[in-house]
Amino acid sequence: MPVGIFRVCLVVITAIVNHPLLFPKENGTVPENAEEIIQKMKEREEILRLEQLRLEQEIADQEAMQKALEKAAEVVEESKEEKVRWDMWTAFSMVIFLLIELWRQDFQEGNWQDTGGEEDDMAVLGKAFKGVAFPDKAVLASFYEKRILGTTGDMARMREMVEGFADDLLEALRSVCNRDADMEVEDCMGVGSMYENWRVRKPFVCDLIVPFAPPEPYCFRSQTWCSGDSFPPDEQGYGTIKVCRADEDVTGCICDKTKLGEDMLCLLHSQANTTRPSSEMEDLLCFKNTQYLDADQVMKWFQIAVTKAWNRISHKYEFDLSFSLLDSPGALKIKFRSGKSIAFNLTPVVQYENSDIYFISHFPRRGLAADLPSSTHWFLTFAVYERRFIQLVSKMLPPNACHVSCLQILSFLHGKQCSLTGPSGLTNYHLKTVMLHLLQARSSQDWAPEKLEARLQDMLKFLEKCLHEKKLYHFFIGNGKVPAELGFPIIFQRAEPLNLFRPFVLRWDIYRKTVDTFHEMLRNMSALINEYTVHVP
């Protein structure tokens, strides 16, 4: 700006000095060409005037730019101050929110749980349990002896009958199948409450699993959610099964994972090995245009094969065989001419590697649990290891230990309550998982028969705590304390624990119904036990 002012002053001084009237000639005469000189002076004066206007405009523009820069700096400074104030307000709001949340949780915990300082975290009963008359030892012993103990003989006779018939049926199934094209069926295995001797509610239903394998030269290659690849939370506990040739290395070459192009050829695998007709894969019960085993296709094949097998041996028996449930494709029912019937589940499974973990196509009686993500996702069942763990622990417990008795009583009470108020999200598998956790947490002497009442209360306490937290972890998955004698795969011990109560987090209506049913069962416990037993003074 000072440079501009100096230039204007210089122009003005030059104009004044060169003005003809300021310094006239001494003779005072006007030359002949005065008009021409005056005209040139006017033109020069006009040029100087325009230059002055230009300079003044330039000075005004510079002043406006300077003001704009100053204003922009002020705006930036104000925005920084406002951002700092906003960040402080956000942090303050988050602190307030966290304090409120912590207070809410402490308040709920104080109202939900018993505040007795001598009890540990596992042995905390909620407010709903206070004031409930718990049956004493004599009533529980009488109830168990008269109502539950008498069913053991019936279960043994039914297991023997069903296993014998299932073996005969599977032998006939092998005879009607094409050994070169159909799946190879192995011997069945009994799992679940009927084979762990704790089922109490009728009708008794035997659960049998039937491992099967593909025909040569094919094999199954399985992949689980804990094998390293990322699986969504709703697919944890599931896996996929790929049908491959036995001489095919699915992990050593990328030709099956990426498109090489029409003008490129894999040097390890020929075109005949990498591409298979769609009809061939469908014959191997795979999902359309994939190599992944389809659970729906497997169940259709199994139902057709069982029907053919029964037609071959039906003349040997004096009863009828039919599929009983549409939502459980492996549910079968034997109908005698007298009107009596026996139900059992015969479900095809695929063995996971060389272990006793199996991919199961359909889970019968899964309660309110979520459906499978897709028909190519198979649920993993650890039923064989669960049965072995109970047998292993039972050898170290006192004679006539009360662990099975506790589970039977709890299962009976829950089943009776559900028959009164409708189904809930709790299943018998959840109850058995509670017992497995307590078997591992408690010493062997704590399961003596005279401690039935205390251990039953422990199961109720543990179950209520899990319901309150919406967390009940799978006993085997993520459990590093599994006995080495079981030979349990280490990959599942190192996996993240699997929350069996995750559906309660996603579905508030199911959770509310389950909690209400549980509290109602606590209030009705004494009445239900007294109703089914002889009164003991």
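## Nonpolar cores

The largest nonpolar core of this predicted model holds 113 residues, and L169, L293 and F344 are those with the most contacts inside it. A nonpolar core is here a set of buried Ala, Val, Leu, Ile, Met, Phe, Trp, Tyr and Cys residues joined through side-chain atoms within 4.5 Å. Buried stands for under 20% relative accessible area, exposed for over 50%, and partly exposed for values in between (1.4 Å probe, protein chains only). In soluble globular proteins, nonpolar side chains tend to be buried together.

With neighbours within four places in sequence left aside, L169 is in contact (heavy atoms within 4.5 Å) with V306, A309, W310, I313, L321, L332 and L346. One of these partners, L332, belongs to strand 7 (residues 331-336) and counts as buried at 2% relative accessibility. Under the exclusion of neighbours within four places, the contacts of L332 are L169, V306, L321, S322, F323, S324, I342, A343, F344 and L346. L332 and A343 are eleven residues apart along the chain, and 5.8 Å separates their C-alpha atoms.

## Basis of the model and overall make-up

This is a predicted model, in which local features need pLDDT of at least 70 and side-chain atom pairs count only at pLDDT 80 or more, while totals for chains, interfaces and linings use all residues. Residues are numbered from 1 along each chain as its sequence is written, and side-chain values use heavy atoms, with hydrogens and water left out.

The protein chain has 15 helices and ten strands; helices (H or I, at least four residues) and strands (E, at least two) are DSSP runs numbered from the N terminus. Of the 537 residues in the protein chain, 41% are buried. Among contacts between residues at least 6 apart in sequence, 69% join residues at least 24 apart.

Two packed helices are described by the angle between their axes and the distance between the axes. Axes are lines fitted to C-alpha atoms, for helices over the stretch in contact, and angles run from 0 to 180 degrees between N-to-C directions. Angles under 35 degrees count as roughly parallel, over 145 as roughly antiparallel, 65 to 115 as roughly perpendicular and the rest as oblique.

Helix 10 (residues 403-421) crosses helix 15 (residues 508-531) at roughly 110 degrees, and their axes come within 9 Å. The two helices are therefore roughly perpendicular to each other. Their crossing is right-handed, a term for a near helix turned clockwise from the far one by less than a right angle, with anticlockwise giving left-handed. On the helix 10 side the contact involves L410, L413, H414, K416, Q417, C418, L420 and T421, and on the helix 15 side K513, T517, E520, M521, N524, M525, L528 and I529. By class, the contact of helix 10 with helix 15 comprises eight nonpolar, five polar and three charged residues. Ala, Val, Leu, Ile, Met, Phe, Trp, Tyr, Cys and Pro count as nonpolar, Asp, Glu, Lys and Arg as charged, and the others, Gly among them, as polar.

Helix 3 (residues 137-148) also packs with helix 10, at an angle of about 75 degrees and with the axes 11 Å apart. That angle makes helix 3 roughly perpendicular to helix 10. L140, F143, Y144, R147 and I148 of helix 3 meet S405, Q408, I409, F412 and K416 of helix 10. This contact has six nonpolar, two polar and two charged residues.

## C402

C402 sits in the loop between helix 9 (383-396) and helix 10. At 2% relative accessibility, C402 counts as buried. Leaving aside neighbours within four places in sequence, C402 contacts W447, A448, P449, K451, L452 and R455. From C402 to W447 the C-alpha distance is 5.5 Å, across 45 residues of sequence.

## Backbone features

Most residues other than glycine have a negative phi, and most peptide bonds are trans. K202 and P203 are joined by a cis peptide bond with omega about 5 degrees, and P203 is in the loop between helix 5 (193-196) and strand 3 (205-213). Another cis peptide bond joins E216 and P217, with omega about 5 degrees; P217 lies in the loop between strand 3 and strand 4 (218-224).

E353, although not a glycine, has a positive phi of about 50 degrees. E353 is in the loop between strand 8 (341-351) and strand 9 (358-360) and counts as exposed at 54% relative accessibility. K470, not a glycine either, has a positive phi of about 60 degrees and lies in the loop between helix 12 (452-469) and helix 13 (490-493).
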